[in-house]
Amino acid sequence: MKRLAKAAFSQNSLTAPIVSTFVYLISVVRVVLNGNWPVTSSDTAMFQHIGWMVFSGKRYYIDAWDPKPPLTLELATIIAYISNGDPHLQHTLSVVSTIVAGILLTYLISHITSEITGNQFAGLLSGIVFITFPVIHYSAVFGYEPKYFVFLFGLGSIYLSRNPKPILSGAAAAASAGMWQFAIIFPIISFGIISRRKSKDLILKYVFGATIIAFISLLPIYLQGGLVAMTVEVIIAPLYA
């Protein structure tokens, strides 16, 4: 029993993500048993539809207006390509990918909290308390929810900057900001952690990782001739909204 308790509260414990997995599954089963599958929301339907549109030959920001940064739409497009344009399969994969992101996010919350506080029980509780909010475990059932990935990449960048793995940290931070404007806080935090080590090599590697992701995310927009439209929709329009 003592060994089991020690494993449950260990810093690298999978207890919190295992609990979150069961909670997500309960949410899915509940929707299916009520005969509401598939269920979606206006936001998830819009993101998934834009992904399907680009799969069908349309262009980002030109054929569909959206104020979100490019990685949000590009991830939806990747899911559309994997599903070969089948809307039902696309929706199912969107739900699965969002749930997986939520489970990994629970692990990161638990692990980072435990690492910072030195208290394994605090880490376990932080992960479990996060998943108890209905909006967290229920929203994933509706389909592709970008903010799960925003916080997954954002907290991932913080975790990787503490180890440190600067290239991966920079890449994760850029991916987070590349999905939501307000996620710029994550590059600020992770870069600050890297900078405290006062190593020029680590800083350059961090910038390199971030630059690679920025280049990859902007390249499709550039090739489609959508940089001007993206600037208007993602940067200018939100300032006046």
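What is the volume of the largest pocket? The largest pocket has a volume of about 370 Å³. The model is predicted, so local features need pLDDT of at least 70 and side-chain atom pairs count only at pLDDT 80 or more, whereas totals for chains, interfaces and linings use all residues. Residues are numbered from 1 along each chain as its sequence is written, and side-chain values use heavy atoms, without hydrogens or water.

**View 1. Lining of the largest pocket.** A pocket is an open set of points on a 1 Å grid over the protein atoms alone, where a 1.4 Å probe fits, with protein on both sides within 12 Å along at least five of seven lines; lining residues have an atom within 4 Å of a point. Volume is the space filled by probe spheres set on the points, which are joined across faces, edges and corners. Of the 21 lining residues, Pro-69, Pro-70, Ala-174, Ala-177 and Gly-178 lie nearest the centre. Helices H4 (70–82), H9 (166–177), H11 (200–223) and H12 (227–240) each supply at least two residues, and H11 gives the largest share, 6. Helices are DSSP runs (H or I, at least four residues), numbered from the N terminus. The lining divides into 17 nonpolar, 4 polar and no charged residues; Ala, Val, Leu, Ile, Met, Phe, Trp, Tyr, Cys and Pro count as nonpolar, Asp, Glu, Lys and Arg as charged, and the others, Gly among them, as polar.

**View 2. The second largest pocket.** This pocket holds about 240 Å³ of space. It is lined by 14 residues, with Leu-71, Glu-74, Leu-75, Ile-78 and Ile-216 closest to its centre. H4, H9 and H11 each give two or more residues, and H4 gives the most, 5. By class, the lining has 11 nonpolar, 2 polar and 1 charged.

**View 3. Packing of H2 against H5.** The axes of H2 (residues 15–33) and H5 (residues 87–117) come within 8 Å and cross at roughly 150°. Axes are lines fitted to C-alpha atoms over the stretch in contact, and angles run from 0 to 180 degrees between N-to-C directions. H2 and H5 are therefore roughly antiparallel (angles over 145 degrees). In contact (heavy atoms within 4.5 Å) are Ala-16, Pro-17, Ser-20, Thr-21, Tyr-24 and Val-28 of H2 with Ile-99, Gly-102, Ile-103, Thr-106, Tyr-107 and Ser-110 of H5. These comprise 7 nonpolar, 5 polar and no charged residues.

Conventions
Parallel < 35°, antiparallel > 145°, perpendicular 65-115°, else oblique.
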